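Trainee: Please take me through the pockets and helix contacts of this model, one item at a time.

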Amino acid sequence: MQVKDIMTEPVTIDKSERLGHALDIMEKNDLRRLLVTNKGKIGGIITTRQIARVLGARKSLGMPASSLHVASATQDSVIKVLADMDMLDAMLLLQKTSVLVAVDGEKILGWVRPREILEKANVSGLASEAMRYPLTANPNDRLVHARRTILDRDVGRLPVVEAGRLVGILTQGDVAKALRAFRDLNDTASKQHTRIYNILVSDVMTHDVKYVYTDTPLEEVKSIILSDNIGGLPVLNHREEVAGMITRRSILDYLVRTG
C-alpha cells in the first residue's frame with residue numbers, strides 16, 4: 001500500500017488569515033491541524049498546540065485572537081513525500097512529525113496523518129501494550145500550569161484526576177479555545193494576564209470522558225478513536241485508576257515497533 005492509497009484532501013488556510021479564523025475552521029471540520037499555504041504553495045502547519053502556545057505568550061497579551069495572524073503560530077517544517085511512497089516508510093516518518101504532505105512538484109496532492117494510517121492498519125494486542133505513561137492534571141490546577149505541561153512534554157491531552165479517580169480530560173484544543181475567549185474580551189494586558197492566570201482546569205476540561213481498560217483489545221480502542229474522532233483515551237486499570245494514555249500516535253509507534 002502506498003501514500004496515494006491512504007492520503008486525504010487537506011484543509012488549508014492562508015498564512016495571512018487570523019488565528020481566530022483558524023480555530024473556527026478547525027472546530028467546523030473537527031481538526032487539530034491545518035495546512036498553511038502562502039500564495040497557493042505550502043507554508044507550514046498550524047496546530048491547536050501552537051495556537052495555545054501563542055495565545056498564552058506574555059508578549060502578545062492585550063491582543064485579541066482576531067488581531068493575530070496564522071503566520072505567528074505556523075510551524076515551517078513540513079515533510080513532503082511522493083504519492084508512491086510505501087505506507088511503512090510513511091509510518092516511520094510520522095514518528096517524527098504530525099503530518100506528511102504528498103506533492104507533485106509544487107502541487108499539493110493530499111496529506112497523511114496517523115488517522116489515515118490507523119484507518120487502514122490491522123491492529124492486535126491490548127491497550128496496555130500501546131499506552132504511554134500518563135501525565136495528569138488536577139481540576140484545581142491553574143490552566144496556565146497545565147498548558148505548560150502540554151507544551152513542554154509535547155502531549156495533546158491530560159487526564160484530570162482527583163482523589164485517584166478520573167474526573168475529566170483537558171486537551172490542547174480546550175486550552176486554545178479558552179485562551180481565545182479570554183483574549184477576545186479586549187482587556188488591557190494586565191487584566192488579561194490576571195484573568196488567564198486565574199482560570200482553573202475544572203473551568204475548561206471536558207467532564208464526560210471516554211476511556212478504556214488495560215485489557216481492552218487494540219482493535220476496539222482504534223474503533224473508538226476513529227469513530228469519535230478523538231486523539232486519545234485514558235487507560236484505566238481494574239481499580240479504576242489511570243494507568244496510561246493511548247493515542248493515535250502511540251498506536252502508530254506500537255505498529256512500527258511490532259512490525
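Mentor: A definition to begin with: a crossing is left-handed if the near helix is turned anticlockwise from the far one by less than a right angle, and right-handed if clockwise. The model is predicted, with local features needing pLDDT of at least 70 and side-chain atom pairs pLDDT 80 or more, while totals for chains, interfaces and linings use all residues. Residues are numbered from 1 along each chain as its sequence is written, and side-chain values use heavy atoms, without hydrogens or water.

Trainee: Is the crossing of α4 and α12 left-handed or right-handed?

Mentor: Helices (H or I, at least four residues) and strands (E, at least two) are DSSP runs numbered from the N terminus. Helix α4 covers residues 87-94 and packs on α12 at about 125 degrees, the axes being 10 Å apart; axes are lines fitted to C-alpha atoms, for helices over the stretch in contact, and angles run from 0 to 180 degrees between N-to-C directions. That angle makes α4 oblique to α12 (under 35 degrees is roughly parallel, over 145 roughly antiparallel, 65 to 115 roughly perpendicular, the rest oblique). The crossing of the two helices is left-handed.

Trainee: Which residues of α12 make the contact with α4?

Mentor: Contact means heavy atoms within 4.5 Å. The residues of this contact divide into six nonpolar, no polar and one charged (Ala, Val, Leu, Ile, Met, Phe, Trp, Tyr, Cys and Pro are nonpolar, Asp, Glu, Lys and Arg charged, the others, Gly among them, polar). From α4 come M91, L92 and L94, and from α12 come R249, L252, L255 and V256.

Trainee: Which residues of α8 make the contact with α7?

Mentor: The axes of α7 (residues 143-152) and α8 come within 10 Å and cross at roughly 135 degrees, and the two helices are therefore oblique to each other. α7 passes α8 in a left-handed crossing. On the α7 side are L143, R147 and I150; on the α8 side are Q172, V175, A178 and L179.

Trainee: How many residues of the contact of α3 with α7 are charged?

Mentor: At roughly 130 degrees, with axes within 10 Å, α3 and α7 are therefore oblique, and their crossing is left-handed. R49, A52 and R53 in α3 meet R147, R148, I150 and L151 in α7. Three residues of this contact are nonpolar and none polar, and the charged ones number four.

Trainee: Which residues lie nearest the centre of the largest pocket?

Mentor: On a 1 Å grid over the protein atoms alone, a pocket is an open set of points with protein on both sides within 12 Å along at least five of seven lines, and lining residues have an atom within 4 Å of a point. The largest pocket has a volume of about 1000 Å³, the space filled by probe spheres set on the points, which are joined across faces, edges and corners. Its lining divides into 14 nonpolar, 13 polar and 14 charged residues, with α3 (48-55) and α12 (248-258) among the elements that each supply at least two. Of the 41 lining residues, those nearest the centre are R33, R49, D154, G156 and R249.

Trainee: Which element gives the largest share of the lining of the second largest pocket?

Mentor: This pocket has a volume of about 550 Å³ and 25 lining residues, with R32, T171, D174, N229 and I230 nearest its centre. At least two lining residues each come from α2 (19-29), β8 (165-171), α8 (172-183) and β10 (232-236). The largest share, four residues, comes from α8.

Technical notes. On a 1 Å grid over the protein atoms alone, a cavity is a set of points where a 1.4 Å probe fits but cannot get out, and a pocket is an open set with protein on both sides within 12 Å along at least five of seven lines; lining residues have an atom within 4 Å of a point.
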